[in-house]
Amino acid sequence: MNKNKLRYALSRNIKSIPRLLLTFTDNYLVAMTQKTPRRGPLFFVWDIAASCNLRCPFCGFWKAGQVPAQIKKEPDLRQKIKIIKNIAESGVWFLSLCGGEPLLCKDLDDVIREAKSSGMIVNVSTNGFLLEEKAESMIRGGVDFITISIDGPDAETVDKIRGRDGLFDKIENGIKAIRNFSTRSPVFIEARYLINKQNYLFVEDFAGHFREKVDAISFKPIYKNTELSYDVPEYMRFSAEDEPAFRKCFEGLLRKYKILNTVYHRNIPSFIFHPEKLKDKFLCFAGTFFGGADVSGNLLPCHELTMSPNVPIGNLNDTNLIDLWHSAEMQDLRCAFRSGARCDCWMDRFSLNIPLQKITGLKI
């Protein structure tokens, strides 16, 4: 990870430090004491687009009839601005715009600009197909972080896994465009690799190819998750027999690239082959430090929640986030986590859960 670039990306948002401290403190007290929150979550994920331009075989999001029933249509710009203001007024510090594919959102630049003017740090998580086309406008809007899903070191692997010819080349051109347009105010770029049986042998090649092109590299295991409409095809699934080869390959990666040898990455093999060993090892901060919303603005404690029915708490177009955040439903969820309930997921934000647990000293 480029720590200097990370520090710069955060330092250029120095005005957001009071927001960070106030919301962190409130979230911490909520997690420790079950007090009624006065602020919303520190981190918030909004699936701003309901469609996608890729055809990943493991994802049902793009398939007809599989979009969740509560999602009717993408809000208009007026509604999006209202949702952004609602999120910001609750005290959210870090906003991640996801999807679907967020670069398909026709109002993305306006949303980023509104989020930045409201005092939040903004991340966009993209598949990269439209990155070159959207680079300049996102940077003008003030985006701070861009996360790109790249599941291989070459076009043959990436284009096949993501179901779109030319994707890898578009990602590489997009990264160059981001660099070219953000020379005065560099944007932090993370490349995220979704590990499956088809690409695990290439993790070292991937790290070698992208380590000088991006600021951070992370890996995430793929697994069946009905909340995300993920149903991994047989040919992409790991079996018990794959464990020795996987561990040899992945542990070799961590030895070679010391910066990747983190608690987060060291637990990936266990999650893939022995997930039961991790269920009680790490806390979940859904409902305290983390929250999210679907494309229509329906509030969710977490997009991947599996330990209870993952139904919307309310809608951010007609109810203040902070009011929903201290609702009975959210309080019940926090009580369940304090009592030892855990999900079976590996969240996109899991890389933050581990340091949060360490920083706060929470051992619920």
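Two strands count as paired if DSSP finds at least two bridges between them. Keep that in mind as we walk through this model, which is a predicted one.

Eight strands make up an open sheet with mixed pairing, and their order is 6-5-4-3-2-1-7-8. Strand 6 (216-221) and strand 8 (299-300) sit at the edges with a single partner strand each, so one side of each has no neighbour in the sheet. As a bit of background, strands of a sheet pair through backbone hydrogen bonds, and they can do so parallel or antiparallel.

Now find strand 3, which covers residues 121-126. On one side, strand 3 pairs with strand 2 (residues 94-98) in the parallel sense, over four bridges. If you want a spot to look at, L95 stands opposite V122 in strand 3. To get from strand 2 to strand 3, the chain passes through helix 4 (residues 108-117), and this β-α-β crossover is right-handed.

Strand 3 is also joined to strand 4 (residues 145-149), again by four bridges, and these two strands run parallel. Here N123 is the residue that stands opposite F145 in strand 4. The chain goes from strand 3 through helix 5 (residues 131-141) to strand 4, in a β-α-β crossover that is right-handed.

How many of the residues in strand 3 are buried? Six of its six are, so to speak, under cover by the cut-off of under 20% relative accessible area. In a regular strand, side chains alternate between the two faces of the sheet. In strand 3, both faces are covered: I121, N123 and S125 are buried on one side, and V122, V124 and T126 are buried on the other.

Next, the charged pairs. Side chains of opposite charge can pair when their charged atoms come close. This structure holds 16 salt bridges, and a few are worth a visit. D151 forms one with R162, and their closest N and O atoms are 2.7 Å apart. D151 is in the loop between strand 4 and helix 6 (155-162), while R162 is in helix 6, eleven residues apart. Are these two partners buried or exposed? D151 is buried, with a relative accessible area of 1%, and R162 counts as buried too, at 9%.

Another pair is R179 and D215, with closest N and O atoms 3.1 Å apart. R179 is partly exposed at 25% relative accessible area, whereas D215 is buried at 5%.

K197 and D242 also form a salt bridge, their closest N and O atoms being 3.3 Å apart. This one links K197, in the loop between strand 5 (188-195) and helix 8, to D242, in the loop between strand 6 and helix 9 (243-256), 45 residues apart. K197 is partly exposed, with a relative accessible area of 33%, while D242 counts as buried at 12%.

Finally, take a look at the surface. I14, I17 and L21 make a nonpolar patch there of about 290 Å². L21 belongs to helix 2 (residues 17-33), and L21 is exposed, with a relative accessible area of 52%.

Technical notes: Residues numbered from 1 in each chain as written. Predicted model: local features only at pLDDT ≥ 70, side-chain atom pairs only at ≥ 80, totals over all residues. Heavy atoms only, no water. Patch = residues over 30% accessible without salt bridge, like charges linked within 9 Å, V, L, I, M, F, W, Y side chains within 5 Å. Areas by Shrake-Rupley, 256 points an atom, 1.4 Å probe, with all protein chains shown as cover. Salt bridge = Lys/Arg side-chain N within 4 Å of Asp/Glu carboxyl O. Buried < 20%, exposed > 50% of the residue type's maximum accessible area, 1.4 Å probe, protein only. Right-handed = clockwise from strand over helix to strand, strands pointing away.
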